[in-house]
Amino acid sequence: QVQLVESGGGLVQPGGSLRLSCAASGFTFSDYGMRWYRQAPGKERELVALISTTGAMTHYADSVKGRFTISRDNLKNTMFLQMNNLKAEDTAMYYCNAYNFGSDYWGQGTQVTVSS
């Protein structure tokens, strides 16, 4: 049974930091590229960052570049998103996604709220 479970969200003040985790099971994690998406109320889901199977290649949305860092640990089947200098506009539900040829898995999401 494929599972992606996000954790680490919460309420943080502007300028603060959070580290999201995505624990994977039920598939060969190291064969899948991984992505973080987010969706704010009333807005479309947007790609935040992605990482290749080995972690050698990463890509970020312009809005988070320089503040967020995506990483993965293939031995622990886990992906991370380190979020620094958080802004109110980062408030959203954050989802992890695993993708490969013909396969696409999603987690249930973790809420991040940036507010003073």
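Me: Which pattern does the protein chain follow when read along the sequence?
Reply: Strands are DSSP runs of E with at least two residues, and helices are runs of H or I with at least four. The model is predicted. By that definition the protein chain has zero helices and eleven strands. Read along the sequence, its pattern is β-β-β-β-β-β-β-β-β-β-β.

Me: Why is the protein chain described as being as compact as a globular protein of its length?
Reply: The globule rule gives 13 Å for 116 residues. The chain is as compact as a globular protein of that length because its radius of gyration is close to that value, at 13 Å.

Me: What share of the residues of the protein chain counts as buried?
Reply: A residue is buried when its relative accessible area is under 20%. Applied to the 116 residues of the protein chain, this cut-off gives a buried share of 41%.

Me: Which residue in S3 is the bridge partner of Val-5?
Reply: Strand S1 covers residues 3-7 and strand S3 covers residues 18-25. The two run antiparallel and are joined by five bridges. In S3, Val-5 has as its bridge partner Ala-23.

Me: How far apart are the mean positions of the positive and negative charges of the protein chain?
Reply: The protein chain carries 10 positive and 9 negative charges. The distance between their mean positions is 4 Å.

Key:
Residues numbered from 1 in each chain as written. Predicted model: local features only at pLDDT ≥ 70, side-chain atom pairs only at ≥ 80, totals over all residues. Heavy atoms only, no water. Rg over C-alpha atoms; globule rule 2.2 N^0.38 Å. Buried < 20%, exposed > 50% of the residue type's maximum accessible area, 1.4 Å probe, protein only. Lys, Arg positive; Asp, Glu negative; His and termini not counted. Charge placed at Lys NZ, Arg CZ, Asp CG, Glu CD. Pairing = 2+ DSSP bridges.
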